[in-house]
Amino acid sequence: MEGHVVPLIDGDQEVGFYFKGKGEFSLPIDQVDELTVVRFNLARNTKVKLRQGIGDWFLDIPISELNFLHEGLKLPAFESSDAAINESIPGSLEAFRKKNLMAGWRNRSYVMLTARHNLPAQAAWYLNILGEKGLWEFARDPWTARSEQLWFARPRSSREGKHAWNDLVLAPISVRNLGTPPRRPVMPPFVLKNLNLEMQALANGTGSYVATETFFPSSAGMKMMRLKLDNTILDGSTGGIVLHHLHLKKVTQDGQSLRFDHRENEILLELLKPTELGSPLQLRFEVEGDFLVHPDGDNRWELGNETWFPSTEIEGMRFTATAKIRSEKPFIPLATGQVVSQREEGDFHILETKLDQPTWSFFIVAGKYLFEEETRNGLKVRVASYAHKSNSDRKLAKLVLDIAQYYENILGPFPVKELNVVQRNEWGSGQAPNGFLFITNEAFNPQMGLLNQWFSQGINQRYAHEIAHQYWGNQVMIANAEENWISEAFAQYCSAFVIRSGKGESDFNHLIAEWTARSRDQAEWGTIPTLARTLALDDGPTTFRIRWSLLYGKGAVLLNKIHREIGDQAFVTLMRSFQKSVKGRPGTTQDLINLLKIIAKKDYTPFFEKYLWGTAMPD
Ligand SMILES: [Zn+2]
């Protein structure tokens with residue numbers, strides 16, 4: 001490196017340095033599992049190519065300016081520089097920071113403060129590089145993301161639309177987990193075990209709640225705790241962007257107020273004392289704001305897709321829950337869990353729910369709904385529509401029960417006792433958190449014979465997919481982004497089973513052939529576990545096509561290959577055993593391999609090595 005350096009001082013502490021000159025930053029890309037995604041993201045977003053060194057691949061980034069902030073590192077003393085030469089440096093630093101310090105994927109100060117106050121001491125850093133190829137950030141977060149990550153950024157193009165709050169678009173390049181072997185979910189610092197919620201929701205869109213949350217620490221000596229909580233919720237449904245706010249008013253532990261900071265959708269908390277292994281902590285959060293967004297000014301609001309209550313990373317979301325929701329009329333609330341009580345008190349609808357099985361999400365919706373309920377064999381399906389009332393709602397409830405019953409035969413008892421089928425005023429999408437099935441307007445169209453529609457159109461295969469998510473993704477939970485394929489591929493493959501039972505073998509084979517063709521087309525561009533990172537910044541359709549074809553298509557094709565090898569009976573036993581043995585826990589590829597060893601008497605490790613972690617397609 002050649003150029004000028006100034007130390008960065010915070011108080012009397014040296015916290016980093018700024019460099020302007022000529023140099024190179026070189027990062028080994030030595031985790032085989034990410035080579036495909038690193039190559040794709042580099043090729044599609046930067047001009048940089050990997051260099052093959054001895055044994056490993058390297059990413060070389062030329063530097064013209066560099067800003068380095070760190071915690072817990074001992075750096076060599078810098079040569080004292082000629083003050084006259086360096087006169088221009090503070091100005092350059094100022095300009096660099098204004099222009100190039102990206103909003104990033106994390107709040108920098110939270111990462112540094114956590115590393116400073118938690119034990120054992122671990123290094124944390126943020127390295128921002130401006131090179132001729134663009135802007136890069138290499139960060140190490142030892143406590144919450146528990147990884148080292150390299151990101152590439154460039155200014156948002158005018159075609160992509162300017163946003164006041166974010167001028168840069170970012171692509172993940174490399175992720176290396178800390179303290180966890182590759183292919184294992186990262187151990188989260190805190191696991192959320194229980195949520196108790198009391199919410200008051202007013203008809204004008206404002207609300208307040210008290211969330212009492214019980215966490216288990218995964219290590220001792222943590223004084224600082226970081227949680228996710230959105231500051232703002234964006235409502236883009238009206239054309240412009242309307243900002244709604246969540247205001248964290250107070251956090252207490254054992255009745256004492258905690259010091260906290262809430263910004264950039266994260267909370268930093270200072271706990272009363274360092275964590276002790278085996279001692280759960282109970283925190284009480286008070287939140288208020290205008291966070292009950294009514295999309296399109298519709299007569300409904302929904303919470304669930306935003307991080308609307310203090311939450312950990314997904315690896316740490318394993319909680320049971322109780323909730324009491326007071327919703328001002330005319331909005332009737334529905335929430336995750338079984339209904340304990342439903343009543344009216346003056347101007348309010350009151351709903352109390354309880355959830356005994358662990359979940360990773362908590363949804364609340366409220367609206368001027370019309371309800372249709374149907375119960376069969378202990379499963380209650382509640383259809384909530386709001387645009388109109390028609391007998392299609394009853395047909396829909398019966399159809400959901402038919403499919404649920406079919407799944408009970410092959411997968412075991414339906415995971416929930418109550419399933420809320422809720423209309424969203426959109427077209428062509430679906431979502432299925434615990435106890436919910438969100439479906440869009442086409443399902444409520446009274447013009448079409450629903451049963452015909454279900455079994456004749458692709459959209460209906462998708463509803464079978466969504467119902468299967470009560471098993472895959474909810475009863476067997478999602479371990480992390482890499483293991484998300486378990487939930488999607490099994491839900492997809494189960495939907496093909498529904499088609500087979502409803503329409504016969506040839507429709508089933510047609511579906512598999514279509515998924516095979518689509519995934520063959522895209523196979524070389526990605527591996528299933530890294531799809532969430534596969535990203536072409538300026539090409540949304542390509543990104544979507546690769547992710548969709550491989551996550552849903554190739555994932556289901558791999559299950560079909562196993563199915564063909566081991567036969568109908570063994571495959572159903574495999575799915576049933578998976579549901580039974582992993583119930584209430586996150587499911588992993590290793591769980592699947594272990595079950596296959598028992599059921600099929602074969603080691604499928606090389607199979608997943610080649611087709612899941614690799615880009616090969618099975619015959
Ligand atoms: Zn899905």
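In which sense do S15 and strand S16 (residues 266–270) pair, and over how many bridges? The pairing of S15 with S16 is antiparallel and extends over five bridges. The model is a predicted one. Its secondary structure comprises twelve helices and 31 strands.

**The chain overall**

- Of the 619 residues in the chain, 40% are buried.
- Among contacts between residues at least 6 apart in sequence, 66% join residues at least 24 apart.

**The three-stranded sheet**

- Three strands, in the order S11-S16-S15, make up an open sheet with antiparallel pairing.
- Strand S11 (224–228) and strand S15 (259–263) are the edge strands, each pairing on one side only.
- From one strand to the next, the twist averages 15 degrees.
- Within the pairing of S15 and S16, Arg 263 stands opposite Glu 266 of S16.
- Helix H3 (residues 108–117) lies across S11 and S16, and runs at about 150 degrees to S11.

**The five-stranded sheet**

- A further open sheet has five strands in the order S24-S25-S26-S28-S27, with mixed pairing.
- Its edge strands are strand S24 (370–376) and strand S27 (430–431), each of which pairs on one side only.
- Seven bridges link S24 to strand S25 (residues 379–385) in the antiparallel sense.
- Leu 370 has Ser 385, in S25, as its bridge partner.
- Helix H4 (residues 392–411) packs on this sheet and touches S24, S25, strand S26 (418–424) and strand S28 (436–440).
- The direction of H4 makes about 145 degrees with that of S25.
- In general, the strands of a sheet pair through backbone hydrogen bonds, in either a parallel or an antiparallel manner.

- Strand S12 (residues 232–235) and strand S13 (residues 242–253) run antiparallel and are joined by four bridges.
- Asp 235 stands opposite Val 242, which belongs to S13.
- S12 and S13 form a hairpin with six residues between them.
- In the turn, Gly 239 has a positive phi of about 105 degrees.

**Surroundings of Glu 306**

- Glu 306 is located in the loop between strand S18 (300–303) and strand S19 (317–328).
- Glu 306 counts as partly exposed because it has 17 C-beta neighbours inside 10 Å, whereas a buried residue would need 20 or more.
- Apart from neighbours within four places in sequence, Glu 306 is in contact with Asp 230 and Ile 233.
- The C-alpha atoms of Glu 306 and Leu 234 are separated by 9.5 Å, although these residues are 72 residues apart along the chain.

**Helix H1 and its cover**

- The buried residues in helix H1 (residues 35–45) are Val 37, Val 38, Phe 40, Asn 41, Leu 42 and Asn 45.
- The cover over these buried residues includes strand S2 (13–29), strand S3 (50–52), strand S7 (147–155) and strand S8 (168–177).

**The contact of H7 with H9**

- The axes of helix H7 (residues 484–503) and helix H9 (residues 540–566) come within 8 Å and cross at roughly 70 degrees.
- H7 is therefore roughly perpendicular to H9.
- H7 contributes Trp 485, Glu 488, Ala 489, Phe 490, Gln 492, Tyr 493 and Ala 496 to the contact.
- H9 contributes Leu 551, Tyr 552, Gly 555, Ala 556, Leu 558, Leu 559 and Asn 560.
- The residues of the contact of H7 with H9 comprise ten nonpolar, three polar and one charged.

Notes:
Residues are numbered from 1 along each chain as its sequence is written. This is a predicted model: local features need pLDDT of at least 70, side-chain atom pairs count only at pLDDT 80 or more; totals for chains, interfaces and linings use all residues. Helices (H or I, at least four residues) and strands (E, at least two) are DSSP runs, numbered from the N terminus. A residue is buried if 20 or more other C-beta atoms lie within 10 Å of its own, exposed if 12 or fewer, and partly exposed in between; C-beta atoms are placed from the backbone. Two residues are in contact if their C-beta atoms, placed from the backbone, lie within 7 Å. Two strands pair if DSSP finds at least two bridges between them. Axes are lines fitted to C-alpha atoms, for helices over the stretch in contact, and angles run from 0 to 180 degrees between N-to-C directions. Angles under 35 degrees count as roughly parallel, over 145 as roughly antiparallel, 65 to 115 as roughly perpendicular and the rest as oblique. Ala, Val, Leu, Ile, Met, Phe, Trp, Tyr, Cys and Pro count as nonpolar, Asp, Glu, Lys and Arg as charged, and the others, Gly among them, as polar.
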